[in-house]
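Dear colleague,

I am handing over the structure we spoke of, and my notes on it follow below. Please read them with the coordinates open beside you.

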Amino acid sequence: MASVGLRAIRKDFGRTQVIKGIDLDIADQEFVVFVGPSGCGKSTLLRLIAGLEDATSGDILIDGRVVNNVPPKDRNIAMVFQNYALYPHMTVARNMGFGLRAARLPAAEIDQRVTAAARMLGLENLLHRRPGELSGGQRQRVAMGRAIVRDPQVFLFDEPLSNLDAQLRNQVRTEIKKLHQDVRRTAIYVTHDQVEAMTLADRIVLLRDGRVEQVGTPTDLFERPANRFVAGFIGSPAMNFLSATLENGEIVLPWMRLPAGIAGSGAVEIGIRPEDLLAGDAAPEPYRFEALVRVVEPMGSEALLVIAVGGHEFQVRLMGRIHPIAGTRMLFAINPAELHVFDAATGQSMPVVQAR
Amino acid sequence: MKPLRPGRIVAFTLLLMGGIVMIMPLLFMLATSLKTSSEVYELHLLPREPTLDNYLEILTRSPFGRWFLVSFSVASLTTASVLFFDSLIGYTLAKFRFRGRTFVFIAIMSTLMIPTEMLVIPWYVMAKSLGWLDTLWGVMFPGMMSGFGVFLMRQFFLGVPDELLDAARMDGLNEFQIFWQVALPLVTPALSALAIFAFLGNWTAFLWPLIVTSSPSLYTVPVGLASLSGEFQTDWEMIMTGSSIATIPTLLVFILLQRNIISGIMLTGLKG
Ligand SMILES: Nc1ncnc2c1ncn2[C@@H]1O[C@H](COP(=O)(O)OP(=O)(O)OP(=O)(O)O)[C@@H](O)[C@H]1O
Ligand SMILES: [Mg+2]
């Protein structure tokens with residue numbers, strides 16, 4: 001049983017502020033993913049929770065207890081590092097049991113725990129090898145094994161898949177999810193890959209520049225991004241953005257006008273996901289427009305297109321096995337239910353009321 | 001076998017010549033130790049009647065055994081001390097951020113620029129005021145740490161990934177245990193190299209032991225051998241015999257440790 005809490009956490013390295021005030025509550029057994037662009041402070045935040053760094057100010061709570069001055073080993077947590085951090089001069093078995101030996105557990109118990117973890121991860125036959133004699137995926141699993149044997153209340157992962165090739169990454173990602181369902185412990189997972197975040201997380205914490213941009217379920221962030229940054233970060237291919245003006249509740253684009261149901265006037269930015277640009281007959285009239293198909297990338301049951309209209313280019317993800325031909329003109333439509341509007345000055349989401 | 005390309009032939013010839021130049025004095029030393037005193041100044045390599053009498057004589061009639069023991073104690077104790085302290089300091093300089101770190105490093109590096117000849121007088125004054133003259137400790141203390149060793153170890157520790165040390169912190173080791181159990185085993189090649197340098201350096205040290213000792217029972221091998229050359233005559237065959245025996249430990253140290261000077265285990269616990 002362990003929840004994790006962050007209260008007004010700040011971290012400076014010398015003069016640089018890296019974490020600029022973060023509040024967060026992570027429930028027991030929850031799988032939370034920290035995601036954000038490179039350098040936003042994800043690893044630093046994780047290391048603060050681990051106790052490898054001291055916060056400049058603020059409190060860190062584990063299981064309701066303030067742990068600011070508790071050393072890493074007494075926080076009941078385990079961490080899986082990006083480059084695995086296995087001890088090169090020790091066998092797999094010793095690597096996994098090293099922390100237990102340091103904690104002076106009886107040899108029989110260490111043995112038993114290591115064997116159990118090895119069985120769970122399919123490492124039984126590798127226990128006497130050294131890390132140098134293992135493949136990347138095997139090393140990754142040893143690193144997880146080392147975390148599991150400690151039977152921690154909280155697992156911390158810092159980009160554990162970034163050194164694996166694409167195929168292995170999917171496989172290990174599934175294993176991590178399975179592991180979490182089996183051991184039922186709180187997990188905090190850092191990545192800059194939004195696909196990993198979407199697939200693994202119970203809740204995503206999207207960070208930028210030392211601050212939380214939005215916290216929510218993957219669906220929340222995908223469907224109701226709080227601002228333009230979140231909208232652009234989550235989803236692949238990324239959302240299309242376009243400057244527009246709001247005039248008496250209507251969004252005015254150079255080539256069309258859309259009813260938005262937002263009062264007022266001013267500069268706005270609209271966002272449309274590639275999958276929300278549909279073939280023209282799929283939506284009613286005010287949402288339709290004609291565009292030139294520039295590029296077609298067929299991908300089997302769908303195709304990625306680049307289309308041009310009114311001096312702008314959009315990415316489109318078109319479902320269906322029959323693909324349009326590059327260079328032709330075609331009718332497209334904006335899915336009215338999924339139109340995002342952002343305040344051009346602040347980047348904040350503006351609620352769109354659909355006149356359906 | 002692959003056909004030899006001209007470049008390789010040139011390279012091998014040069015290496016062979018270099019090798020001969022290096023080994024000739026050693027051969028002469030060995031040869032002379034097997035000669036009789038009447039034969040010493042004849043410059044042929046092979047002794048006409050090889051004899052081990054010199055060995056018998058130096059071991060029985062001079063305090064050579066004693067000098068050997070002193071040299072060996074001095075060299076092994078200083079080497080142990082250099083290995084321990086230099087790696088500890090090098091590790092601290094490489095892996096901890098603290099105020100004045102760069103200054104300390106530069107200060108240590110700058111000691112490398114001062115030759116021993118300049119240091120013996122301050123050392124002597126210091127040893128005298130502390131009552132260390134003509135003691136074993138007096139012979140040893142300047143060699144207990146070396147700026148070069150600190151530099152060497154620091155460079156190697158820089159290559160040990162921080163992530164490994166963090167992993168050990170998570171595993172609950174204290175900072176000294178991390179140094180001892182995780183970082184140090186990863187730099188064994190550097191330790192071996194440093195051990196060779198330190199041992200050889202102290203084994204062959206001459207100037208300082210000569211100055212600080214006065215009783216023959218505290219002579220090191222080089223000082224003892226030098227004492228064999230008198231004012232009017234020098235027993236070259238004795239000196240060469242002593243030198244030949246003195247080579248044995250250095251050879252042993254080198255043979256035992258050079259196997260370890262292979263890199264490569266360093267990063268294998270990490271990716272790729
Ligand atoms: N020990 C340190 N000293 C000074 N600055 C640091 C230190 N550690 C991290 N930083 C800075 O803090 C910022 C955040 O670093 P952090 O490693 O947390 O980023 P990240 O979100 O994990 O990025 P990435 O996705 O590249 O791993 C960076 O600008 C980095 O340069
Ligand atoms: Mg990081």
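How many residues of chain B are in contact with chain A, and how many of chain A with chain B? In this predicted model, 21 residues of chain B are in contact with 27 residues of chain A, where contact means heavy atoms within 4.5 Å.

On conventions, residues are numbered from 1 along each chain as its sequence is written, and chains are lettered from A and ligands numbered from 1 in the order in which they are written. Because this is a predicted model, local features need pLDDT of at least 70 and side-chain atom pairs count only at pLDDT 80 or more, while totals for chains, interfaces and linings use all residues, and side-chain values use heavy atoms, with hydrogens and water left out.

**The interface**

The area buried between chain B and chain A (the accessible area, with a 1.4 Å probe, that two parts lose on being put together, summed over both) is about 2100 Å², and carbon and sulfur atoms give 63% of it. The rule finds one salt bridge across this interface, a salt bridge being a side-chain nitrogen of Lys or Arg within 4 Å of a carboxyl oxygen of Asp or Glu. Asp166(B) forms a salt bridge with Arg47(A), with the closest N and O atoms 2.6 Å apart. On the side of chain B that touches chain A, the elements giving two or more residues are helix 8 (162-170) and helix 9 (175-183) of chain B, and helix 8 gives the most, with seven residues. (Helices, H or I of at least four residues, and strands, E of at least two, are DSSP runs numbered from the N terminus.)

**Ligand 1**

Among the backbone atoms, an N or O atom of Gly39(A) lies 2.8 Å from an oxygen atom of ligand 1, while a polar backbone atom of Cys40(A) is 3.2 Å from an oxygen atom of the ligand and one of Gly41(A) is 3.0 Å from an oxygen atom of the ligand.

**Salt bridges overall**

A search of the whole structure finds 21 salt bridges over all chains. One of them joins Arg7(A) and Asp25(A), the closest N and O atoms being 3.1 Å apart; this pair links distant parts of the chain, with Arg7(A) in strand 1 (residues 4-13) and Asp25(A) in strand 2 (residues 16-26) of chain A, 18 residues apart.

With best wishes

Terms used. Polar contact = N/O pair within 3.5 Å; in protein donor to acceptor, adjacent residues only side chain to side chain.
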